[in-house]
Every structure is written in C-alpha cells, then in structure tokens.
Amino acid sequence: MANERFIQLNLDELASQYAGIIYYPQNLATELPILMRLYAQKMPLVVLDKQPAALAVPSVTSDNVAGGKIACEHLQSRGHHRIAFLPETPFWQTFTGTVSDRFLGYFNHLKLATSDAALPLRWAQALQACTTAVQLKAYIQAQRITAIIAENDVVALRALQRLQELTSNSDTSIALVGFDNLPAAARNNPALTTVVQDFAAIGAKAVEALLDQINNPEHLFDDQIVVGVKLMVRSSTNQY
C-alpha cells in the first residue's frame with residue numbers, strides 16, 4: 001500500500017493483521033519515527049533503498065556509491081574529463097541517502113584538471129537550479145561540461161528532451177548516464193546509458209531478511225545488505 005495510507009493505520013494493531021513489513025521510505029528523515037515505533041513494538045521490519053541511520057533494523061539497498069563510480073569511470077574511458085552530476089534532490093542539505101551516495105561515488109573517482117574540490121558540488125547545485133532548456137544548455141556550455149551523470153533516468157531523460165528542444169536532431173553533443181534502467185531509457189532516442197539495479201535480488205533479500213525475523217523472534221537482525229549494480233551502455237554515451 002502507499003505510504004500515505006499506511007501511516008493512517010493504527011500502528012498498535014499491525015501485529016494482529018500482518019506478520020511483517022517491508023517498508024520503502026519516501027522521506028527517511030520524516031518517516032524514521034514510524035520505523036522507530038514499529039521497532040519498539042518488535043514488528044518484523046525491513047527497510048528498502050535507504051539505511052535507517054543507527055536504528056537496529058535490517059535494510060536492503062543497491063550499491064549506489066558503486067553506481068556513481070562505474071558511471072564516472074565509463075565516461076572517463078570515453079574521453080570525458082569535465083563530467084557533472086545533475087540532481088533533482090538537493091542532497092547537499094544533509095549529504096545522506098541514495099542521491100548523495102551516487103554523487104559521492106562519482107566524486108570519489110572524478111579526475112579534474114583543477115585543484116578546485118568544490119567544483120563538482122557547485123556544478124550540481126547550479127544544474128539543479130536550471131529550470132529551462134536555455135539555462136541548462138547555457139550553463140553546460142559556459143562550464144565546458146561534456147558529460148552528465150543524472151540522479152536517475154527520469155532526470156536524465158528530461159535533460160535530454162530539454163537539450164533536444166534546442167537542436168535540429170536527436171544529437172545533444174553531451175553524453176548522459178542515468179540510474180534505474182526504466183523501460184523509457186531503452187526506447188529513448190538516443191537510448192540512455194544507465195546504472196541497473198538488481199530489483200529481483202533486492203526483493204528476494206528483503207523477503208529473506210523478513211522471514212528470518214519472523215521465524216527467529218528472539219534474535220536481533222540489523223544487517224545492512226547492499227546489492228551490486230551494473231552499467232547498461234547505450235547510445236547516449238557511445239556516440240561521443
């Protein structure tokens with residue numbers, strides 16, 4: 001069920017209706033008190049996509065740091081040096097969560113011909129503030145950015161569309177990488193290179209972690225399980 005519906009339930013009565021919960025937070029900062037309450041009630045619980053701080057609850061996440069790394073390394077292998085990260089989420093407010101991990105994975109492996117360590121973050125903040133195609137293209141050109149790693153496929157495809165609005169064909173003269181491998185990524189022209197999460201493995205490990213708690217209620221389970229990712233290379237980076 002949707003999170004909005006879930007929080008309207010009587011959390012004190014959940015144990016009489018459900019054997020366990022796999023929870024996908026939309027905003028961990030605001031939803032952590034809900035997880036704390038479920039934990040206090042000894043409700044078998046697994047958190048998806050985010051690690052619940054120091055709360056002793058198991059989580060299953062993709063290796064987003066590795067995703068940022070392999071995206072950056074791929075673009076570098078294609079001869080790109082001025083690679084920027086395009087976020088929708090202002091991750092710099094907390095430097096926690098999925099998008100922050102993707103950015104830091106990219107940042108750790110970025111090789112810039114400058115000693116300005118603040119440049120990648122400055123690029124990300126400025127790109128996030130670009131609300132029109134004209135602003136986006138102008139900033140990319142002014143900064144001589146040749147490749148972009150986007151927060152996810154939706155952000156990447158939106159950027160491609162905006163840049164294509166200003167050109168006469170599908171070429172955007174910039175390489176783009178997304179995350180998540182949405183069906184639209186393969187259908188787009190150019191098809192989008194993207195970091196692929198193993199959703200089947202994530203789901204299987206979440207169920208295993210939940211069943212372990214249900215079948216062994218006397219044990220404490222707080223493993224933070226990280227599932228590997230891979231890069232799906234398509235023409236959004238091959239053509240450059």
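This is a predicted model: local features need pLDDT of at least 70, side-chain atom pairs count only at pLDDT 80 or more; totals for chains, interfaces and linings use all residues.

Residues are numbered from 1 along each chain as its sequence is written, and side-chain values use heavy atoms, with hydrogens and water left out.

**Largest pocket.** The largest pocket holds about 990 Å³ of space. Helix H2 (28–40), E3, H3, H4 and H9 each give two or more residues to the lining, and H4 gives the most, with 4 residues. (A pocket is an open set of points on a 1 Å grid over the protein atoms alone, where a 1.4 Å probe fits, with protein on both sides within 12 Å along at least five of seven lines; lining residues have an atom within 4 Å of a point. The volume is the space filled by probe spheres set on the points, which are joined across faces, edges and corners. Helices, H or I of at least four residues, and strands, E of at least two, are DSSP runs numbered from the N terminus.)

**Helix H4.** Select residues 98–108. Thr 98, Val 99, Ser 100, Arg 102, Phe 103, Gly 105 and Tyr 106 are the buried residues of H4 (buried: under 20% relative accessible area; exposed: over 50%; partly exposed: in between; 1.4 Å probe, protein chains only). They pack against helices H3 (64–77) and H5 (119–128), and against strands E4 (83–86), E5 (147–150), E6 (175–179) and E7 (193–197).

**Backbone features.** Select Asp 180, in the loop between E6 and H8. Asp 180 is not a glycine, yet its phi is positive, about 110 degrees; at 19% relative accessibility it counts as buried. Next select Ala 53, in the loop between strand E2 (45–48) and strand E3 (59–62). Ala 53 also has a positive phi, of about 50 degrees, but is exposed, with a relative accessible area of 60%. Then go to Pro 190, in the loop between helix H8 (183–187) and E7, where the peptide bond from Asn 189 is cis, with omega near 5 degrees.

**Helix H9.** Finish at residues 199–215. Leu 211 lies in this helix and is partly exposed, with a relative accessible area of 43%.

Technical notes
Contact means heavy atoms within 4.5 Å.
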